[in-house]
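Open the model in your viewer and keep the sequence panel beside it. The stops below say what to select next and what is there.

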Amino acid sequence: MMLSIAFAVTALNRTLFRLVKWLVVLFALLMLYEVAARYSFASPTSWAPELATLLFGPFFLLGGPYLLHTGGHVSVDLLSARASGLAAKALKVIAIILAIVFGVILLWFAFPLAEQSFQYRETSYTSWNPPVWPAKLVLPVSALLLVLQGFAELLFVLHEEVTSQ
């Protein structure tokens with residue numbers, strides 16, 4: 001039962017990652033349009049750089065939980081590269097626990113800020129003035145997904161240990 005929940009969390013994070021990774025194409029098109037408007041037509045936009053900024057946060061945040069699963073984060077392998085067996089698993093568990101702690105702290109501080117932003121329907125207060133609360137809501141959601149993925153990774157490691165015995 002718990003393992004099927006872990007697989008479901010991983011599948012959700014994989015799906016989000018696969019959808020969000022295409023935002024890179026949107027960033028490139030936005031910046032291409034902005035450069036063309038600015039330098040070819042002497043008519044820069046007020047919205048393209050701001051929209052790219054608003055989309056960049058969710059791009060990185062929603063990719064994080066799946067990268068925890070794939071091991072795609074930057075890491076210092078001074079110890080884990082030399083470790084094997086039980087020591088390697090212990091280092092992996094410690095890294096996962098640290099990721100969970102980071103996610104819990106992020107969730108703890110991000111949720112009230114996102115809630116307030118949503119309640120006030122916060123905007124950027126620029127000349128374009130888009131709503132920023134949707135981008136801010138992504139932070140606690142991604143922190144929660146990171147915590148859930150961390151617990152899923154712990155279950156995978158424990159299940160691997162049990163099945164290998």
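A salt bridge here is a side-chain nitrogen of Lys or Arg within 4 Å of a carboxyl oxygen of Asp or Glu. The pair links distant parts of the chain, 14 residues apart: Glu-122 sits in the loop between helix H4 (86–119) and helix H5 (133–163), and Lys-136 in helix H5. Helices (H or I, at least four residues) and strands (E, at least two) are DSSP runs, numbered from the N terminus. Lys-136 is partly exposed, at a relative accessible area of 37%. Buried means under 20% relative accessible area, exposed over 50%, and partly exposed in between (1.4 Å probe, protein chains only).

This is a predicted model, in which local features need pLDDT of at least 70 and side-chain atom pairs count only at pLDDT 80 or more, while totals for chains, interfaces and linings use all residues. Residues are numbered from 1 along each chain as its sequence is written, and side-chain values use heavy atoms, with hydrogens and water left out.

The structure holds two salt bridges. For the other, select Arg-38 and Glu-34, whose side chains meet at 2.8 Å, N to O. Both belong to helix H2 and are four residues apart, about one turn of the helix. Glu-34 is buried, at 5% relative accessibility, whereas Arg-38 is partly exposed, at 38%.

Now select the whole of H2, residues 23–40. Its end C-alpha atoms are 25 Å apart, which agrees with the 26 Å that 18 residues should span at 1.5 Å a residue; the expected span is 1.5 Å times one less than the number of residues. Colour Leu-23, Phe-27, Leu-30, Glu-34 and Ala-37, the buried residues of H2. They lie on the same side of H2, because they cover an arc of only 105° around the axis. The arc is that of the directions from the helix axis to the C-beta atoms. The cover over these buried residues includes H1 and helix H3 (48–70). On the face turned away from the buried side, find the exposed Leu-29, Leu-32, Tyr-39 and Ser-40. Just after H2, Ala-42 has a positive phi of about 50°.

Move to Asn-13 in helix H1. Asn-13 is buried, at 0% relative accessibility. Leaving aside residues up to four places away in sequence, Asn-13 touches Pro-65, Tyr-66, Leu-145 and Gln-149; contact means heavy atoms within 4.5 Å.

Last, select Ile-5, also in helix H1 (residues 2–20). Ile-5 is partly exposed, with a relative accessible area of 41%.
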